[in-house]
Amino acid sequence: MAAMRTVLAAVLGLAFWALPVSAQVVTKLPTSDKVVALTFDACEAPNKAAYFDHTILDYLEKEGLPFTMFPTGLFARRNAQELARVSRSPLVEVENHSFSHPMHMERLPPDRVASEIAATDRLIQSITGRKPIFFRFPAGNYDAATLAEVEASGHRVVHWTFASGDPIRGLSPQHLEEWVLSKVRPGDILIFHINGRAPATGTALPVIVARLKARGYRFVRLDEMLK
Ligand SMILES: [Zn+2]
């Protein structure tokens, strides 16, 4: 019995260590209304120049759809003029996706995690006039310590409800449409890529949006729903 209690305590202790009570990754909007957030990562890692996918961007702007972008600092710096123009719309929200897109921020020393966040905040604020309030981990990878560090920097971590998989090589627009439309529920945070690495999205997005509108959905920015 004592041995059993020891084992239980060890297991529970491990669970508590892995899940600090304060830290929380948002993966869903707090509503049962028919709303979804369209979010677009604009990833750029060192030596992999990336630019706006204009099929997607032109569509979003032409339709007047609210959306949230998560550029890395490298993408924001490379596309600063266009990001400044895009962000002038009150429909567009720009948040923080690290500076150089390290695939495993949980393996970085704490000071590097802090500088990835702070440098991107400073750059985005200088381009858009607004300091990011949300952070999204590159590739969604984190641990309790990095999560706590991001929260201590004053950002909430916002990920996604389900992966669209839009960077998957060879993915057809039809598959992307069917997958997203079969999964989506009220309050979902949808994730796509607007950095030219998701060629199916430009074709699929208008279909997805039209079908969701037909189902009675409307679209929101994250900062409208997550105060
Ligand atoms: Zn990314």
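**Close-up views of the predicted model**

View 1. Along the chain, the donors of the zinc ion are spaced as C-x53-H-x3-H. The model is predicted, with local features requiring pLDDT of at least 70, side-chain atom pairs counting only at pLDDT 80 or more, and totals for chains, interfaces and linings using all residues. Residues are numbered from 1 along each chain as its sequence is written, and side-chain values use heavy atoms, with hydrogens and water left out. The protein donors are Cys-43 (SG), His-97 (NE2) and His-101 (NE2), at 2.1 to 2.2 Å from the zinc ion. Donors are N, O and S atoms within 2.8 Å of the metal (3.2 Å for Na, K and Ca); water is not among the atoms, so sites may look incomplete. Cys-43, in the loop between β2 (35-42) and α2 (54-63), and His-97, in the loop between β4 (92-94) and α5 (110-128), lie 54 residues apart and link distant parts of the chain. Helices (H or I, at least four residues) and strands (E, at least two) are DSSP runs, numbered from the N terminus. Cys-43 is buried at a relative accessible area of 11%, and His-97 is buried at 1%. Buried means under 20% relative accessible area, exposed over 50%, and partly exposed in between (1.4 Å probe, protein chains only).

**View 2. Aromatic pairs.** The structure holds six aromatic pairs. Rings of Phe, Tyr and Trp (its six-membered ring) pair if their centres lie within 6.5 Å; planes under 30 degrees apart count as stacked, over 60 as edge-to-face and the rest as tilted. Phe-135 and Phe-137 are edge-to-face, 5.1 Å centre to centre with 90° between the planes. Phe-135 is buried, at 0% relative accessibility, as is Phe-137, at 1%. The pair of Phe-162 and Trp-179 is also edge-to-face, because the centres are 6.1 Å apart and the planes stand at 85°. Phe-162 is buried at 9%, whereas Trp-179 is partly exposed at 37%.

**View 3. The nonpolar cores.** The largest nonpolar core has 41 residues, and Leu-38, Phe-40, Leu-60, Phe-67, Leu-190, Ile-194 and Leu-212 have the most contacts inside it. Such a core is a set of buried Ala, Val, Leu, Ile, Met, Phe, Trp, Tyr and Cys residues joined through side-chain atoms within 4.5 Å. Helix α8 (residues 201-214) gives the most to this core, with five residues. A second, separate core of 11 residues includes Val-35, Ala-37, Leu-222 and Leu-226.

**View 4. The surroundings of Phe-40.** Phe-40 forms one aromatic cluster with Phe-67 and Phe-192. Beyond neighbours within four places in sequence, the contacts of Phe-40 (heavy atoms within 4.5 Å) include Ile-56, Leu-60, Met-69 and Leu-205.
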